[in-house]
Amino acid sequence: MSGKYINTHIGFIGGGNMAQAIIRGLLQAGHPAKKISVADPIAEQQQLIKALAEEITCTIDNATLAKQCDMLVLAVKPQIMNTVAEPLGQINRPDNQVIISVAAGITLASMSDWFGTDSALIRVMPNQPALIGEGMSGLCATTNVSNTDKQQATYVMEATGKALWFEDEQLMDAVTAISGSGPAYFYLIMEIMQEVAEEFGFDKKTARILSTQTALGAGHVAATANEELSDLRKRVTSPGGTTEAALKTLEAGGIRDMFRNALQAAKERSLELGKN
Ligand SMILES: NC(=O)c1ccc[n+]([C@@H]2O[C@H](COP(=O)([O-])OP(=O)(O)OC[C@H]3O[C@@H](n4cnc5c(N)ncnc54)[C@H](OP(=O)(O)O)[C@@H]3O)[C@@H](O)[C@H]2O)c1
């Protein structure tokens, strides 16, 4: 699909971590650097962008960039999105420009307020592993976004990992709870495993490798296997064995309910933040 969109001029408002991750992926996918522009007020960020590819245009002028791009990616922090997006809504931008926000919690309704209900607007919830090309992004769009526009947005977000579309924007709160916040849940489990490994007598470096390589291996198996996750678990749980002893302790401690409640809390918080 990548070849189809190499002429799409993609502009980024904000050249921080997320923008750099997407740009890195786009360049790897063969997107021409001269078809990428970035607006960021910080010289250091611009240098980091230029280090990815010298031909990328960098500017401090959001409005000029927004006038030139077929696709505009809003990649600033949610707290300043209003200040950044409102002026961009006032200027003449190309007809059919597609606007993507990767900011957590910024709703399509807010985007419509800034850019008008006629604009093609896409909301994305990425997650942190996007920074290394292993991200999980949830996408949703206003009803006037064409299939071609959606394919272009998929092309952009797949540069950072996997991308899934959702018809109903309300599901974005659930996406936030599962994949948006999800990396932190796994970091917590790895953190606990490392701590206990250290208590068992391993040095910190060894404990970290034991914990993280196990998570990596299990993640790979889970992502590629055809079996149900519960079957994978059962396959490594011999009756009367060590794994069973650990899992019984977790079940007795109420891990399922605890996790369910945690995910529900994240979903409710996402909903609350969206309202604000
Ligand atoms: N990083 C992640 O793992 C992650 C995960 C999910 C979603 N996201 C979303 O992605 C978005 C970007 O996050 P990030 O981690 O890339 O943040 P970031 O590294 O802080 O990048 C934002 C960039 O925008 C710049 N900026 C500030 N004001 C601007 C303006 N008026 N015009 C243009 N650029 C401006 C910032 O400069 P200053 O440094 O001067 O502020 C910074 O370079 C956020 O909305 C976040 O919710 C990120």
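## Helix α7

A residue counts as buried if 20 or more other C-beta atoms lie within 10 Å of its own, with C-beta atoms placed from the backbone. By that criterion, helix α7, spanning residues 171-180, is mostly covered in this predicted model: eight of its ten residues are buried. They are Met 172, Asp 173, Ala 174, Val 175, Thr 176, Ala 177, Ser 179 and Gly 180.

## Domains

Domain 1 covers residues 2-173 and domain 2 covers residues 182-275. Taken over C-alpha atoms, the centres of domain 1 and domain 2 are separated by 33 Å. The contact between the two involves six residues from domain 1 and seven residues from domain 2. On the side of domain 1 that touches domain 2, four residues are polar, one is nonpolar and one is charged.

## Ligand surroundings

How many residues surround the ligand, and which are the closest? The shell holds 25 residues, and the closest are Gly 14, Gly 16, Met 18, Ala 103 and Gln 128. Two helices, α1 (17-28) and α4 (78-90), each contribute at least two residues to this shell.

By residue class, the shell around the ligand consists of 15 nonpolar, eight polar and two charged residues.

Terms used:
Residues numbered from 1 in each chain as written. Predicted model: local features only at pLDDT ≥ 70, side-chain atom pairs only at ≥ 80, totals over all residues. Near = placed C-beta within 6 Å. Helix = DSSP H or I, 4+ residues; strand = E, 2+ residues; numbered from the N terminus. Nonpolar A, V, L, I, M, F, W, Y, C, P; charged D, E, K, R; others polar. Domains from an automatic or database assignment. Buried ≥ 20, exposed ≤ 12 C-beta atoms within 10 Å, placed from the backbone.
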